[in-house]
Each structure stands twice: as structure tokens, then as C-alpha cells.
Amino acid sequence: MNLVKPRRRPRHIEESLQTTCVQWFRLRYPGRLIFAIPNGGKRNVLEAVRLKAQGVLAGIPDLFIPEPFRGRPGLWVEMKREDGRPTKHQRGMIEVLRAKGYHVEVCKTFDEFRGVVERYFRGSVEQYFGGEA
């Protein structure tokens with residue numbers, strides 16, 4: 001019997017989305033900082049131990065915009081594919097970062113990312129997100 005393996009989605013959809021978002025941000029907001037936290041990916045045990053010793057934390061969002069604005073110390077963004085959901089570690093870290101006053105969002109599309117960033121810099125995140133940090 002010849003079984004057909006289910007077709008897998010391309011592995012780098014999230015990576016491509018994140019690259020597009022960072023490029024747009026740097027063009028739209030020259031002089032403002034954005035950087036990636038390269039926590040994702042499969043690692044062998046030795047590399048994982050080494051990275052943990054260097055300070056890598058599970059659940060840290062993918063992008064950080066360290067630009068204080070209207071009482072917020074910065075904006076963290078977790079990028080996900082359209083069918084993706086934050087992991088348990090990511091959900092916990094999002095709660096921790098929000099409790100510290102950061103604005104944190106999960107974005108699945110470029111339009112979501114652009115909207116979140118533009119609302120953040122307009123200072124209208126509370127109005128748009130119903131007061132959620």
C-alpha cells in the first residue's frame with residue numbers, strides 16, 4: 001500500500017512575514033529601533049544548553065521595538081503564521097511583559113503588524129484594544 005504523506009506548509013512562512021514587517025518598519029520609521037530575538041528553531045541539546053546559559057529565555061516574543069511612547073516602555077510582537085497560536089511559554093511571557101507595562105501583540109499578517117505599530121505610535125492602543133496593555 002502506497003501512502004501519500006499529507007502536504008506540509010512551507011516552513012519559512014513566519015520568517016518571510018517577519019522579514020517583510022521589519023523592512024517596512026525600517027522604511028516607515030527611520031531612526032526608530034526594531035530588532036529580532038532569534039529564539040525559534042530546532043536546536044540540538046548541546047546548543048540549547050549553551051544558549052540557555054547565555055540568557056536565552058523560552059517564550060520571548062520575536063520582535064522588540066524599544067521606543068517608549070506615551071507611558072509604554074516599548075512594543076513586543078510575537079509573529080505567527082495565520083494558523084499559528086502562541087505556545088504555553090509564549091502566553092506566559094506575554095503576561096509577564098504586559099505586567100511590566102509593555103505593549104505586547106501577536107500578529108499573523110503584515111496588515112495586523114502595520115496596524116499595531118501605527119496605533120502604538122499614535123498612542124491609541126488603549127482605545128483600540130479596549131485598555132489591554
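This is a predicted model: local features need pLDDT of at least 70, side-chain atom pairs count only at pLDDT 80 or more; totals for chains, interfaces and linings use all residues.
Select both: R28 lies over the face of Y29. The distance to the ring centre is 4.8 Å.

Next, select R32 and F121. Here R32 sits over the face of F121, at 4.1 Å from the ring centre.

Now bring up the rings around these two. Y29 and F121 belong to one aromatic cluster. The model has a count of 13 aromatic pairs. Two of them are worth a stop.

**First stop: W24 and F113.** This aromatic pair is edge-to-face. The rings are 6.0 Å apart centre to centre, with 85° between the planes. Colour the helices to see what the pair joins. W24 is in helix α1 (residues 13–28), and F113 is in helix α4 (residues 110–122). The two residues are 89 residues apart, so the pair links distant parts of the chain. Are they buried or exposed? W24 has a relative accessible area of 17%, so it counts as buried, the cut-off being under 20%. F113 is buried too, at 0%.

**Second stop: F25 and F121.** The ring centres lie 6.3 Å apart. The planes meet at 40°, so this pair is tilted. Again distant parts of the chain are linked: F25 in helix α1 and F121 in helix α4, 96 residues apart. F25 is buried, with a relative accessible area of 0%. F121 counts as buried at 10% relative accessibility.

End with F121 selected. This residue pairs with F25, and its face carries R32.

Technical notes
Residues are numbered from 1 along each chain as its sequence is written. Side-chain values use heavy atoms; hydrogens and water are left out. Rings of Phe, Tyr and Trp (its six-membered ring) pair if their centres lie within 6.5 Å; planes under 30 degrees apart count as stacked, over 60 as edge-to-face and the rest as tilted. Helices (H or I, at least four residues) and strands (E, at least two) are DSSP runs, numbered from the N terminus. Buried means under 20% relative accessible area, exposed over 50%, partly exposed in between (1.4 Å probe, protein chains only). A charge sits over a ring if NZ of Lys or CZ of Arg is within 6 Å of the ring centre and within 35 degrees of the ring normal.
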